[in-house]
Amino acid sequence: MIDENRRNTIKIFLGATAALGAGMLATPLVGSLVAERAGYIQPQRTGAIPIEVCKSPDNCPEEYAVPLEELKNGPVFKLLKVNTMAIPAVFGIVRATDGKEYPVAYVSICTHFGCPLNVSGGKYLTGFHCPCHGSSFIVCNNPDGCPDKKAAFLEMYVSSGPAVRSLRAVKVEVKNGKVYPLVAYV
Amino acid sequence: MRWLVRLWELILERFHLKEFLEHPVPRYSNINPLYWFGDVAAVSFFLLALTGFFLALLYTPGMAVKEVPTSALMPWDVLHPKKTETVQATQSYLSVYTITYLTPFGFILRQFHLWAAYMMIMAAFVHFFAKFVLGSYKRKGGGALWFLGVLLGFLTVNQAVLGYILPLHLDGILALLIGLNLFRYFDYIGIPVGGLIIALLGSNYPTDAVIKMIYVAHILVVPAIILILLGLKIQGILYGGVSPPPVRDQELAKKMVDDKEPFYPHRFALMTGQVFLQISLLLLLVAFFPQPLLEPWAPGEIVPAGVRPPWPVMWYYTYVKMIDPFISVGIPIIMVLFALVVPLLDRRGGSSISERWLWILIAIIYMAIIGYGSVLGFIIEIPKQITPFTRIAVPPDSAVPYIGTPSPIG
Ligand code: HEM
Ligand code: FES
């Protein structure tokens with residue numbers, strides 16, 4: 001005769017031991033992988049994750065900086081390597097409707113499904129086009145905003161295609177004739 | 001010679017292989033092609049593991065970018081002729097380039113792996129459809145096997161996508177970028193799937209670490225899971241039998257189930273023939289329809305127009321282009337979930353074709369959704385929006401306005 005009670009007790013012990021062992025193994029493993037990057041897991045309401053590239057232009061590595069002189073010839077692509085991240089940023093100058101020029105930068109990942117974007121515009125940055133499913137993005141260059149597009153000034157809004165969200169931007173600051181990236185929203 | 005025979009018999013006896021070789025297989029399942037395609041998929045998997053092993057020895061993953069002369073590219077690999085003297089290519093691309101064009105037999109090795117992958121996916125689809133039509137999930141134990149099958153199908157497509165990324169040609173990098181960012185739609189509705197993927201891989205843009213992870217997943221993690229599930233499945237079929245024949249007459253069905261023959265030599269001979277046929281067919285495909293390596297690409301370069309995904313995901317591309325992303329992201333998930341719950345929905349009635357017409361119709365519609373999208377994707381340039389329900393208003397607080405205070409220069 002098999003003692004069912006004893007059998008079940010042994011099963012519970014075995015199960016509990018296995019679960020405990022697996023948990024003890026997994027916790028540090030998963031923890032080490034995730035802990036330092038926990039911020040990535042809780043994106044903002046916008047779905048964007050802010051990544052600090054530089055605290056200020058003073059301590060920003062020179063390889064991140066783009067000289068304004070270079071930008072005047074047209075948009076410049078930079079692959080910013082921050083910790084484990086690679087951030088594809090396109091720097092450019094937007095000419096506003098008031099005639100002033102604004103240095104800007106955007107993360108060139110399509111907000112639809114994530115393809116790399118092609119820059120449109122010549123000397124000035126005017127927009128992006130996505131090769132994958134055909135989304136187009138255009139910059140709002142009116143200092144008072146573009147209410148008909150529901151876009152704020154310098155927002156890279158969706159002008160056509162399946163994407164629904166504006167491009168994610170990089171906060172920049174100019175110092176000594178160079179544009180420095182401060183915070184990238186990936 | 002005699003001692004070889006003795007040794008063979010000893011092995012059979014000591015490892016109880018005789019029981020396996022002599023296990024009874026119903027005759028109808030050996031004759032009916034609806035029962036063959038699982039084997040085709042399984043054999044493809046072993047051919048993939050074999051060729052994949054050698055590929056893994058020759059392949060080096062990496063995002064490091066090098067300049068190579070444009071003249072080194074094969075004309076069939078590029079979408080539009082390049083105008084520059086040199087092109088940029090990643091380490092991964094150059095290593096697959098080396099395998100393909102500079103290693104003896106490398107071309108055949110890579111093409112064989114690629115075609116075996118295509119064959120495995122095709123066989124898995126046909127197998128799925130066949131078991132759908134037969135209602136194989138209705139017999140005892142059939143539900144569990146169906147469940148394993150859906151998981152295996154999902155893993156197979158998954159494995160193909162991971163493999164497609166490895167050469168880091170333009171199309172592979174696009175696939176990778178989409179894989180790294182697509183799941184972020186879950187983040188918008190409060191489930192941090194995309195964030196978790198970024199946290200685990202460390203980036204939502206290709207880096208060395210990401211490529212390494214994809215490589216390990218493709219050659220170790222996913223094949224290991226497939227192997228375990230496949231083992232379970234074979235075990236379940238070995239002891240649970242195959243699904244009953246699709247006939248209405250109960251007596252005839254019983255007679256057919258009871259009409260068994262031992263696995264060896266009947267089914268064994270069939271399978272041996274199948275393996276050789278499959279290998280020959282694959283070699284013919286390699287010889288007559290070699291697939292291009294596709295062009296290299298490096299971050300910051302312009303993406304040429306006209307890039308299309310490979311055929312196993314073409315149907316999805318079609319729907320993605322037509323439909324709002326908040327809906328289109330869910331399509332594959334719904335397809336997989338529906339396939340999973342089919343055994344729970346379809347419970348009544350026998351297993352003959354005349355009793356199952358409704359579910360056979362559903363099976364046909366299911367395959368037609370995939371087929372329609374695939375064909376459409378190949379033949380027409382899809383307009384950006386086709387259906388009126390394709391746009392959903394953006395939630396007002398989800399757009400990222402330009403951050404910081406804009407300040408002009410000069
Ligand atoms: C379910 C099984 C598998 C499927 C569906 C599959 C599919 C693929 C595909 C579609 C490619 C891309 C080929 C190309 O475009 O160049 C690929 C590449 C590769 N696979 Fe697999 N594979 C499988 C199993 C394996 C296994 C088991 C290994 C290793 C042990 C492996 C190693 C490789 C390697 C090293 C590459 C990169 C070289 C190349 O691209 O030619 N694969 N695989
Ligand atoms: S990824 Fe850009 S439009 Fe789909």
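This is a predicted model: local features need pLDDT of at least 70, side-chain atom pairs count only at pLDDT 80 or more; totals for chains, interfaces and linings use all residues.
Figure 1. B:Trp8 belongs to a nonpolar surface patch of about 990 Å², whose other members include B:Met1, B:Trp3, B:Leu4 and B:Phe15. Which helix gives the patch its largest share? Helix α1 (residues 2-14) of chain B does, with six residues.

**Figure 2. The iron atom of ligand 1 and two histidines of chain B.** Look for B:His113 and B:His218: each coordinates the iron atom of ligand 1 through its NE2 atom, at 2.0 Å. The iron atom of ligand 1 has six donor atoms, with angles of 84 to 178° among them, and its site is octahedral. B:His113 sits in helix α6 (residues 106-134) of chain B and B:His218 in helix α11 (residues 208-240) of chain B, so the pair ties together parts that are 105 residues apart in sequence. For comparison, the ideal angles for six octahedral donors are 90 or 180 degrees. Are these two histidines buried or exposed? Both B:His113 and B:His218 are buried.

**Figure 3. Chain B and its annotated stretches.** Stepping back for a moment, chain B has 17 helices and four strands. Its C-alpha atoms fill a box of roughly 90 × 55 × 40 Å along the principal axes, and 46% of its 410 residues count as buried. An unreviewed UniProt entry lists residues 7-246 of chain B as "domain: Cytochrome b/b6 N-terminal region profile". That span, residues 7-246, is 68% helix and 5% strand, with its end C-alpha atoms 43 Å apart. UniProt, again in an unreviewed entry, also lists "transmembrane region" for several stretches of chain B, among them residues 145-166 and 173-201. Residues 145-166 of chain B are 95% helix and 0% strand, and their end C-alpha atoms lie 31 Å apart. For residues 173-201 of chain B, the end C-alpha atoms lie 15 Å apart, and the span is 79% helix and 0% strand.

**Figure 4. A cis peptide bond in chain B.** Here you can find the peptide bond between B:Tyr264 and B:Pro265, which is cis, with omega at about 10°. B:Pro265 is part of helix α13 (residues 263-288) of chain B.

Figure 5. Side chains of opposite charge can pair when their charged atoms come close. Over all chains, the structure holds twelve salt bridges.
- In chain B, B:Glu295 and B:Lys82 meet in a salt bridge at 2.7 Å, N to O. B:Glu295 lies in the loop between α13 and α14 (314-322) of chain B, and B:Lys82 in the loop between β2 (65-69) and β3 (86-90), so the pair ties together parts that are 213 residues apart in sequence. B:Glu295 is buried because its relative accessibility is 4%, while B:Lys82, at 31%, is partly exposed.
- B:Lys254 pairs with B:Asp258, their closest N and O atoms being 3.0 Å apart. Both B:Lys254 and B:Asp258 lie in helix α12 (residues 250-258) of chain B, four residues or about one turn of the helix apart. B:Lys254 is exposed, with a relative accessible area of 53%.
- In chain A, A:Lys55 forms a salt bridge with A:Glu52, with 3.4 Å between the closest N and O atoms. A:Lys55 is exposed at 63% relative accessibility, and A:Glu52 is partly exposed at 46%.

**Figure 6. Two loop residues of chain A with positive phi.** Both residues here are something other than glycine: A:Leu154 has phi near 70°, and A:Asn176 has phi near 50°. Where are they? A:Leu154 is in the loop between β8 (136-139) and β9 (156-160) of chain A, and A:Asn176 in the loop between β10 (169-175) and β11 (178-185). An unreviewed UniProt entry gives "domain: Rieske" for residues 63-181 of chain A. Residues 63-181 of chain A are 3% helix and 45% strand, and the end C-alpha atoms are 11 Å apart.

**Figure 7. A:Leu71 and A:Phe91.** A:Leu71 lies in helix α3 (residues 68-71) of chain A and counts as buried, at 0% relative accessibility. How far apart are A:Leu71 and A:Phe91 in space, C-alpha to C-alpha? The distance is 7.3 Å, although A:Leu71 and A:Phe91 are 20 residues apart in sequence.

Conventions:
Residues are numbered from 1 along each chain as its sequence is written. Chains are lettered from A and ligands numbered from 1 in the order in which they are written. Side-chain values use heavy atoms; hydrogens and water are left out. Donors are N, O and S atoms within 2.8 Å of the metal (3.2 Å for Na, K and Ca); water is not among the atoms, so sites may look incomplete. Four donors count as tetrahedral if all angles lie between 85 and 135 degrees; four count as square planar and six as octahedral if opposite donors are over 155 degrees apart and all others between 65 and 115; anything else is irregular. Buried means under 20% relative accessible area, exposed over 50%, partly exposed in between (1.4 Å probe, protein chains only). UniProt positions are given in the numbering used here, feature names are shortened, and annotations may be inferred rather than shown by experiment. Patches are made of residues with over 30% relative accessible area and no salt bridge: like charges are joined within 9 Å, nonpolar side chains (Val, Leu, Ile, Met, Phe, Trp, Tyr) within 5 Å. Accessible areas come from the Shrake-Rupley method with a 1.4 Å probe; for residues, only the protein chains shown count as cover. A salt bridge is a side-chain nitrogen of Lys or Arg within 4 Å of a carboxyl oxygen of Asp or Glu.
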